[in-house]
Amino acid sequence: MSTAVQTEVSGGIGKRSLGQRLIGTNTFWIALVLLALIAVFTVLAPNEFATVFTFQTLLIETSVLLVLSVGMTFVIITSGIDLSVGSVLIFAGMVCGKTMEALSGGNASAAGWGVITVGLVAAVLAGTAWGLINGFLIAVAKIPPLIVTLGSMGAALGAAYLLNGGSDVRSVPTTLNRTLGYGTSFGGVPNLVLVAAVITLIGAWLLHTTRFGRYTYAVGSNAEAARRAGIGVTAHLLKVYLLTGFLAGVAGFLSLAYYASTTITAHTNDNLNAIAATVMGGTSLFGGVGSVLGTVIGVFIPAVLKKGFNITHVQDFWQMIAVGAVLVAAVWFDQRRRRARNSR
């Protein structure tokens, strides 16, 4: 990797102490915001908010979005965007549901793990296919990511509606719903949360410890410098969008397991929620900066606000205002940090 790329990625990290680096990151401040929210709602409703059930529910409700957001982290670090993940999730869930129905003679409720496994493969392949389309148009055809994913967002959603005549698939294996959707392990930890946690840890490992992760940062920091350093930028971008599509397919399967239905209308804003969570977690819209840990924190802020407002009987509209304020503040902080770094 060239000196220019290394300098951009590190941002002069070696010249600052650990404390200075920690305080200078978006992740540090957004973590303080999350802790402050938890503390406030705990004080306001200690017997309702600060309970095992509440936090267990929070973890379950954020699991699917977290899987989407892990993929979004890679995309935004490359200075890209993916508006289609919510629609791809819906499409993958629909393909999974229709596949299991077809293998079960139209009623998948009593289907076993053989049918469920085939459904999982179908969902993953469906999501990966959309990732391949997005990646090809962005990396090879050089069409801006905003335009490509805006188009695929509508196309994937339309295709999902066509697959079942505009209706949800509601015939889902009871075994899947009871085991993955609502099942628990290790003394009460939801299986859905365990799967999301494993995927998140793998995503963190991939981003922070492998060549793939280093290339992701390099491409987002300066694509031309990365190309001159010998990185195959086109191939790497294609892989990143493939990964995002793959994770959207997995998220579609997890959603189907939890809701026992494709619930099309429940996921129409997942793309924006994933982008907001990723950016709130400190991933820069300008590329080259971000972390999976920050994304995890960013996912929980809207969830904590929603849960806290519901418990304290505050209108949900305030949640949208609060999330919008935090999002704008995160972007402002990122711009301020970039200007300070560039002025050195």
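Predicted model: local features only at pLDDT ≥ 70, side-chain atom pairs only at ≥ 80, totals over all residues.

## The cavity and its surroundings

Rolling a probe the size of a water molecule over the atoms shows where empty space is left.

The lining of the largest cavity is made up of Leu89, Ile90, Gly93, Gly252, Ser255, Leu256, Ser261 and Thr262. Sorted by class, that lining comprises 3 nonpolar and 5 polar residues, with no charged residues. At least two of the lining residues come from helix H5 (85-103), and at least two come from helix H12 (233-259).

The axes of these two helices, H5 and H12, come within 7 Å and cross at roughly 55°. H5 is therefore oblique to H12, and the crossing in which H5 passes H12 is right-handed.

According to the unreviewed UniProt entry, the annotation "transmembrane region" covers residues 22-44, 64-92, 113-137, 143-163, 184-207, 240-260, 272-305 and 317-334. Leu89 and Ile90, which are among the residues lining the largest cavity, fall in the annotated stretch 64-92, while Gly252, Ser255 and Leu256, also among the lining residues, fall in the annotated stretch 240-260.

For two of the annotated stretches, 143-163 and 272-305, the table gives the secondary structure content and the separation of the end C-alpha atoms.

| Residues | Helix | Strand | End C-alpha atoms apart |
|---|---|---|---|
| Residues 143-163 | 90% helix | 0% strand | 28 Å |
| Residues 272-305 | 68% helix | 0% strand | 17 Å |

Notes: Residues numbered from 1 in each chain as written. Heavy atoms only, no water. 1 Å grid on protein atoms, 1.4 Å probe; cavity = no way out; pocket = protein on both sides within 12 Å on 5 of 7 lines; lining within 4 Å. Helix = DSSP H or I, 4+ residues; strand = E, 2+ residues; numbered from the N terminus. Nonpolar A, V, L, I, M, F, W, Y, C, P; charged D, E, K, R; others polar. UniProt positions renumbered as here; feature names shortened; annotations may be inferred. Axes fitted to C-alpha atoms, helices over the stretch in contact; angles between N-to-C directions. Parallel < 35°, antiparallel > 145°, perpendicular 65-115°, else oblique. Left-handed = near helix turned anticlockwise from the far one by under 90°.
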